[in-house]
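The notes below are meant for a colleague who is opening this structure for the first time. Please read them with the sequence and the 3D view side by side.

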Amino acid sequence: MNKSENGILVIGDLMIDRYIYGSVNRVSQEAPVPILNFEKENIVFGGAGNVLFNLYNIGCFPFFLSVSGLEYRNFINEQIKKMTTDYFLLPDVLLKNEPCTTTVKNRYIGNGKQILRVDHEKIQDFDFLKYDTGKKIFNFFRDKEIKIIIVSDYGKGLITENFWTTVILPLKKKLNCKIVVDPVPKNWEIYNECFLIKPNEKEFDSIHEKYNILSSPENKFEYILRTEGPKGMTLFESNTIEQIYRCVPETKNVVDIIGAGDVVISALSYCLLKKMSLEESIFIANKCASLAISRQGTSFITKQEFECFLEKTEF
């Protein structure tokens, strides 16, 4: 692949999705639980890492900014080097109290269905003023050719008001780029000066109930895209209650929705980078997500599938 295809900076919470596959043929005598006979396991990126993976899969080599603990550190570095143009992993010393841990989601799959999920995580508390870290991050990316910043916020502690004002906004102003956010409701007040924010339906309802985001004069975004699972997506413009664009899903065969939002924001941002209109970009992203959710496991699409959508789409 050609690493000249960049122009996007992904910032967010890097996680590990670990899948343990097996068969279930009996129930334990110790407790009323199924016994999973192990067959194989698969480890992939989740969270902002899945956004990175999806961009890489469709032919883009973005820049990347995140934090990781010691767990899976070799795997993380090896994968990131392959998928990025350049990257910055924050060190453990930014934590105020304890060593950093990488969030790991362990999903146990028996006979093709998820029967249990076990999460290993601690919500971190980062100090970006320590060692002038915010300034170092800004200086690292300030001269890169970045047109779009994707913020993949899973609420694990990386995206804070301090981080937004000392890193993200200065980079936006210096690089004159767009900010696209996959949000968590608790951080809504942080997301200032965004081009687009992409909550799912549950997140949208939670945010709108508190902030009345469709008619508030204090909105600091241009567009909000509500993803609605099997019902499609709806685009709203800032300060209006009228939808300005809507698309319906391309499939009714929903197998697994894990990571579907990552597919949407990756495909959407890459289309914008290619100077497609916002509506065209959403249309393509919807096709990509519809295909991704018809598969088992963390959602992704391939470059061939993405290019096929571009070639065959008449918008």
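This is a predicted model: local features need pLDDT of at least 70, side-chain atom pairs count only at pLDDT 80 or more; totals for chains, interfaces and linings use all residues.

## Notes on selected sites

1. The place of Ser281 is in helix H7, which covers residues 278-292.

2. Is Ser281 buried or exposed? Ser281 counts as buried, because its relative accessible area is 0% and the cut-off for burial is under 20%. When neighbours within four places in sequence are left aside, the residues in contact with Ser281 are Leu268, Cys271, Leu272 and Met276. The C-alpha atom of Ser281 is also separated by 9.9 Å from that of Leu310, a residue 29 positions away along the chain.

3. Helix H7 also holds Ser290, whose side chain reaches the backbone oxygen of Asn286 at 2.8 Å. Ser290 is buried as well, because its relative accessibility of 4% falls under the 20% cut-off.

4. Helix H6 runs over residues 260-273, and its 14 residues reach 20 Å from the first C-alpha to the last, close to the 20 Å expected at 1.5 Å a residue. The helix is mostly covered, with 13 of the 14 residues in H6 buried. Just after H6, the backbone of Lys275 takes a positive phi of about 70°.

5. A further serine to look at is Ser152, which has its place in strand E8, formed by residues 148-152. Ser152 is buried, because a relative accessible area of 0% is under the 20% cut-off. What does Ser152 touch, not counting residues up to four places away in sequence? Its contacts are Ile11, Gly12, Asp13, Gly47, Ala48, Val51, Asp182 and Asp262.

6. By class, the lining of the largest cavity comprises five nonpolar, five polar and three charged residues.

7. The residues that line the second largest pocket are Trp188, Glu189, Tyr191, Asn192, Ile197, Tyr211, Ser216, Glu218, Asn219, Lys220 and Phe221. Sorted by class, this lining has five nonpolar, three polar and three charged residues.

8. For the chain as a whole, the secondary structure consists of eight helices and 13 strands. Of the 315 residues in the chain, 52% count as buried. Among contacts in the chain with a separation of 6 or more, 67% are accounted for by residues 24 or more positions apart.

Notes. Residues are numbered from 1 along each chain as its sequence is written. Side-chain values use heavy atoms; hydrogens and water are left out. Helices (H or I, at least four residues) and strands (E, at least two) are DSSP runs, numbered from the N terminus. Buried means under 20% relative accessible area, exposed over 50%, partly exposed in between (1.4 Å probe, protein chains only). Contact means heavy atoms within 4.5 Å. The expected span of a helix is 1.5 Å times one less than its number of residues. Ala, Val, Leu, Ile, Met, Phe, Trp, Tyr, Cys and Pro count as nonpolar, Asp, Glu, Lys and Arg as charged, and the others, Gly among them, as polar. A polar contact is a pair of N or O atoms within 3.5 Å; within protein, one must be able to donate a hydrogen and the other to accept it, and residues adjacent in sequence count only if both atoms are side-chain atoms. On a 1 Å grid over the protein atoms alone, a cavity is a set of points where a 1.4 Å probe fits but cannot get out, and a pocket is an open set with protein on both sides within 12 Å along at least five of seven lines; lining residues have an atom within 4 Å of a point.
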